[in-house]
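Let's talk through the aromatic side chains of this model together. Have the viewer open as we go.

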Amino acid sequence: MPNLSQLQNSLILLSKTAGAAILDIYQAARQYSIQTKTDNTPLTQADLKANDILIAGLKQLTPDIPILSEEGKQTPWAERQYWQQYWLIDPLDGTRQFIKHSGEFTVNIALVKEHQVVLGLIYVPVTGECYYAAQDRGAYKLDAKGMETRLQVRAWQRGKTLVLASHSAVEERTRRRFGHLGDFTIRPLSSSWKFCLLAEGQGDFCPRFGATCEWDTAAGQCILEQARGGIFNLEGERLSYNTKESLLNPYFVAIGDVAALHPLMPWGKWPVLPAIY
């Protein structure tokens, strides 16, 4: 297994290179050449350019570790099930927001070992902020000026709950699922950036009752866990990776203050509502 501390600096530079390529395309024009993938999600030149940069960089850093990317050819389960460790990446998480020019998109890099994420990095191109963490080493934010801050989730306070949710989340349904926690405010936000904000204490939890894949959550899970938060399926169990043929995640809730909020979630007994976010 590679030295995680030594890898972090190289990964920060690599993510910034990919982010710069994304921004070049993002700032050049408001109209993009858009393809539609087989899962009906969009694909742009920026996704592909960032993917090429990350794949080349990771192969140079760790030539013996396989790579699984949203924009790469998917390795068959017959081979992938035997991987002990691998890179799991989303070169441009939030492509729809990239197309909408909202700025809410990220570069996600994670290292998975034996079904758990041991290193995670998320770069936000529009702000120049980089969030990263490694197992048992804490979570950190590097701002655009190069200042590093250690991250920790905030303590939850009833009546002052801030929910980070995707733009497609329906407020009425969110309140029906989480109204027992008292009054709360919903902040719409896309991409894995939500996990970063939870990790630095700018929110309390993030529900996701819609389709996501493992590359959407892996990097953010490591960052959030190292900041004393976590991501859990609807049975209250932490997410794991590369355990089945499908790369789809179960529905989940990402939580900041796990000690306070995990016992209050209705694990296994969620209100039956349409899953549209």
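Q: Are Phe178 and Phe205 buried or exposed?
A: A word on the ground rules: this is a predicted model, where local features need pLDDT of at least 70, side-chain atom pairs count only at pLDDT 80 or more, and totals for chains, interfaces and linings use all residues. Residues are numbered from 1 along each chain as its sequence is written, and side-chain values use heavy atoms, with hydrogens and water left out. Buried means under 20% relative accessible area, exposed over 50% and partly exposed in between, with a 1.4 Å probe and protein chains only. By that cut-off, Phe178 and Phe205 are both buried.

Q: Which kind of pair do the rings of Phe178 and Phe205 form?
A: Rings of Phe, Tyr and Trp (its six-membered ring) pair if their centres lie within 6.5 Å; planes under 30 degrees apart are stacked, over 60 edge-to-face, and the rest tilted. Here the centres are 4.7 Å apart and the planes at 50°, so the Phe178–Phe205 pair is tilted.

Q: Which kind of pair do Trp267 and Trp270 make?
A: Both Trp267 and Trp270 are buried. Their ring centres lie 5.9 Å apart with planes at 75°, so this pair is edge-to-face.

Q: Which residues do ring pairs link into a cluster?
A: The count comes to 12 aromatic pairs. Ring pairs join these residues into a cluster: Phe178, Phe205, Phe209, Phe232, Tyr251, Trp267 and Trp270.

Q: Over which ring does the charged end of Arg177 sit?
A: A charge sits over a ring if NZ of Lys or CZ of Arg is within 6 Å of the ring centre and within 35 degrees of the ring normal. For Arg177, the charged end is 3.9 Å from the centre of the ring of Phe209.
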